[in-house]
Every structure is written in structure tokens, then in C-alpha cells.
Amino acid sequence: MKKGEEARGIISEYRFPDRGYIVREDGKVLVKHAVPGREVAYRVTKARKGSAEGRVLETLQPGACETRESRCPAVGSCGGCLYQTLPYEEELALKSELLERLLGEAVREDFLWEGLTPSPLAEGYRMKMEYSFGDAYRDGPLCLGMHKRGSHYDIVETDHCELVHEDFNLALRETLRFFREHNTPYYHKMRHEGYLRYLLVRRGTHRKELLLDLVTSSQLPKEEEEELLTAWRQRMVDLPFAATLKGVLHTVTDSVADAIKDERTEVLFGAAQFEEELSGLRFVITPFSFFQNNADGAELLYAKVGQYVGETGGKVVFDLYSGTGTIAQLVAKHAERTVGVELVEEAVIAARENAARNGVRNCRFIAGDVLKVLDEIEEKPDIIILDPPREGVNPKALRKLIRYGVPRIIYVSCKPSSLLTDLEILREGGYYTTRAAGVDMFPRTPGVEAVLLLEKK
């Protein structure tokens, strides 16, 4: 195998989350974004003796499991989905097999695998989308949508996306049409010039309320900007959304980073927030709130966490990496008290407000790095819940919490492949996985949530 070589082959081996292998006489070629059984044309990008990495150039023949017709014209080019062509039952079976195998290799000891719980909705489940302005190719017409797979610059129009309610597609379509009519320039990431940056859309699943937020630079003359925003706001207000339009907002960010940074937000119409319900609790959602993207799936996830937490009467529960405090509030119903620790101060403020709104008074939320807070906090936990970011838990923080010697640790992972190192450290501290399950929070994508119960042996 040589770098730059082009060939064709069938993806015959598969690893979590979306890694496929093409087996050849001279070794294996690893390709990303793979679907089992597909015949693909590929180019070798890295080569070493007996193995290589490649990039798929084209799908030549679908796999035997690909029997579903996708209604999305961006399938294959948008980086958001992978399993659009699989019936949901096939997707679940594949994810369950891959997750069980991954956890089996990571855990090593015997544990009870409780399977993968399906999402109540396989389509239209996402509550938030951040669409980017740009072009589909260099100097092309204005586009609005998702980044093309493997590209930081090219944009794919995704106004027929199946992961969201049709209200999202309507907002995208009409916003793009409006700014094309006005010849409004998008913000160019390399030159740091232009105006349009993102369209952020949030829609409540249960209360069915909608927020729209146009994110721009400050590079438009004030009078011209005011006239433009007034007209766009009216276009949005007049649209026949199925949900109640709660607010139309405008956020300014001049940061050169390709991310939304709220430097200034004004309300053009309505309010800057709406409420959503989850497992009997109410939460205020703003454009930048952290909240699970799949509300119905989140209820199943938190039910599994509650099952693993078990009896909490008279106990102190630590919810580490607590976000806006959803798990802490749910557990607090029966615990003596819960303590949530979260690095993002805005999330902690929201957690406190949500707890007050829900009448949950035995929750305490601390803003700070878990590693440092564990040295400062005087309370001692009886149970620990970990719901860390994708990269997992800081090893030093893991070793500190092991010293508490609690009988049970519940680990929630949005990126199960990052569990390997964390589980090894926990095993060294005497914690062994006894039960594990998955919840499919992200249908049509390779992502799943894993929940593990670790007990002190």
C-alpha cells in the first residue's frame, strides 16, 4: 500500500463509532464514516506496513442493510448523518452490537449488558441547530446550512433535514431566501470580512415553542442594519410555524473563532427564552443554554441513571459536570441533598434558577473545575454521578473522587470511546462495572449515550 493509491473495496469489518476496515491481501485500510457492507472507492492517505488509512471518494454499491430511501438530498455530503439509508431497527442493532463490544473490551470483567434503548423519535427529534452562512464552493452563491463533511468552509444547504421538525427547515429556507434577495454578504472566515455568520434555531419538543437567533458581525452600517433586521424579523413573524414563535433575536459576535460567542444580544420580537418540560421539571431555554437535544430520549436516559443510582433516602449525591442541573434535581426528589459541580458559570446560574423554579431546595450548585472543587468542598458524598464532557474526566479528579470510597459511581458518557482510560483508573481504585446500558440519543448518527454502574469491590 502506498500513500495516494486509489482503489475499491468492501467495508467488511466495523468498529465503534463509525470506523470501517477494508481487508486486502497486503493489510487493512481504515476508513471513517463507514457503513458495513458498502463497496467504496477510496484513496490511501496514510500507509505503513500491513495497515493504512484511507478517505472514501465514492460509494459504488450500498450495503445489504441499506434498504431505506432517504428523503434528504444532502445525505452523504452533509456531516450530520450517517445511517439515513438504514431502517431504524438495523441501525439500533448495529449500534447495540458495537457499543456492547466496545464496553466489553474496556471493562474486561463480567457485567450485565442491558442493551440499547431506542429513541422515541428517529426523525424530528433535535431541539437545537446552529446553521452556518457561507457558500457551497469558492465564490459561489450564499448558502445556509451545515458544513460539508470533511470541510471547514464549504456549506451544504440542509433545508430538508430529517433530524429536525419542519419548522427548522422553514426558518432556514426563508432566511436564506431573504438574505439572497438583499445580497447580504456572509462573514468570510479567512478574511474576517462580511456580516452573516449563523442562524440558531431552538424548538421545544413538549411545549412547542420556537426561538430564532440571527448571529452576525458588526460590519454593517447601523441604519442599513436596522432596516435589514426589521424586514427579516417581519419575514419570520409572518411564517406559518407549527410551534409558537416566542422570540426573534439578533446576536453580535466579532470573534474570529468559528463559534458563536454572545457579545451582545437584542430582542427583535417577543422574548429571549422559552420554557421546556422534562421528567416533570421545568427549564428555561435561551439561545445559549445547555440542554439535551433529544428531550424524549433524555427522559429515558435519566430514568436509567435513576435506576442505577438506586435508593437515595438520607444520602448525599454528588452530580459532577452537572450542566444545568437536570440530573441533580431529579435525584434530589428522594435524596437528603445533591451537590452539582459545573465549570461553566452560566450553566450553574441556570441550574440555580431552574431549581428555584421547580421548588427543589435541597440542591446546591457550585461553579468551578471539578478537580479544584473536590479539594474545597466539605461535604462527603454517598453516591457519585459523573456526566463529563466528551473527552472524559481529568485523571487527577478521578483519583480524588476514588478516595471518597462511595459504594456506587454512575458514569454517563456521551462519547463511549473515551471511557477506556477512565475505567482503567477506576478499576485501579477498586471500582468494577457491574451493569451497563445505552440510550440512542442521536438517531441517524453514530452517536449514543452509555450509562455504567460501577461498584466498589
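This is a predicted model: local features need pLDDT of at least 70, side-chain atom pairs count only at pLDDT 80 or more; totals for chains, interfaces and linings use all residues.
Two strands count as paired here if DSSP finds at least two bridges between them.

I looked up an open sheet of seven strands and wrote down its order as β9-β8-β7-β10-β11-β12-β13, with mixed pairing. Its edge strands are β9 (155-157) and β13 (264-270), each pairing on one side only. From one strand to the next, the twist averages 35°.

Next I picked out one pair inside this order. β11 (residues 209-216) and β12 (residues 244-252) run in the parallel sense, and I noted eight bridges for them. As a landmark I marked D213, which stands opposite L249 in β12.

Then I checked what packs on the sheet. Helix α3 (residues 222-237) does, touching β10 (196-203), β11, β12 and β13. The direction of α3 makes about 160° with that of β12.

**Entry: two helices**

I turned to α1 (residues 88-107) and α9 (residues 419-428). Their axes come within 9 Å and cross at roughly 35°. I put the crossing down as right-handed.

Which residues meet there? From α1 I listed L102, L103, A106 and V107, and from α9 L419, L420, L423 and R427. By class, the contact of α1 with α9 has seven nonpolar residues, no polar ones and one charged.

**Entry: the cavity**

How many cavities of 30 Å³ or more does a search of the whole structure find? I got one. The volume of the largest cavity is about 60 Å³.

I wrote out the lining of the largest cavity: S132, F133, Y187, K189, L196, R197, Y198 and D258. β7 (128-135) and β10 each supply at least two of its residues, and β10 gives the most, with three.

Last, I went to the second largest pocket, which holds about 690 Å³ of space. I noted 27 lining residues, with K32, H33, R55, V56 and R149 nearest the centre.

Which strand supplies the largest share of this lining? My note says β5, with seven residues. The strands that each give at least two residues include β3 (27-31), β4 (39-48) and β5 (51-61). For the classes I wrote eleven nonpolar, nine polar and seven charged.

Note on methods: Residues are numbered from 1 along each chain as its sequence is written. Side-chain values use heavy atoms; hydrogens and water are left out. On a 1 Å grid over the protein atoms alone, a cavity is a set of points where a 1.4 Å probe fits but cannot get out, and a pocket is an open set with protein on both sides within 12 Å along at least five of seven lines; lining residues have an atom within 4 Å of a point. Grid points are joined across faces, edges and corners, and a volume is the space filled by probe spheres set on the points. Helices (H or I, at least four residues) and strands (E, at least two) are DSSP runs, numbered from the N terminus. Ala, Val, Leu, Ile, Met, Phe, Trp, Tyr, Cys and Pro count as nonpolar, Asp, Glu, Lys and Arg as charged, and the others, Gly among them, as polar. Axes are lines fitted to C-alpha atoms, for helices over the stretch in contact, and angles run from 0 to 180 degrees between N-to-C directions. A crossing is left-handed if the near helix is turned anticlockwise from the far one by less than a right angle, and right-handed if clockwise. Contact means heavy atoms within 4.5 Å.
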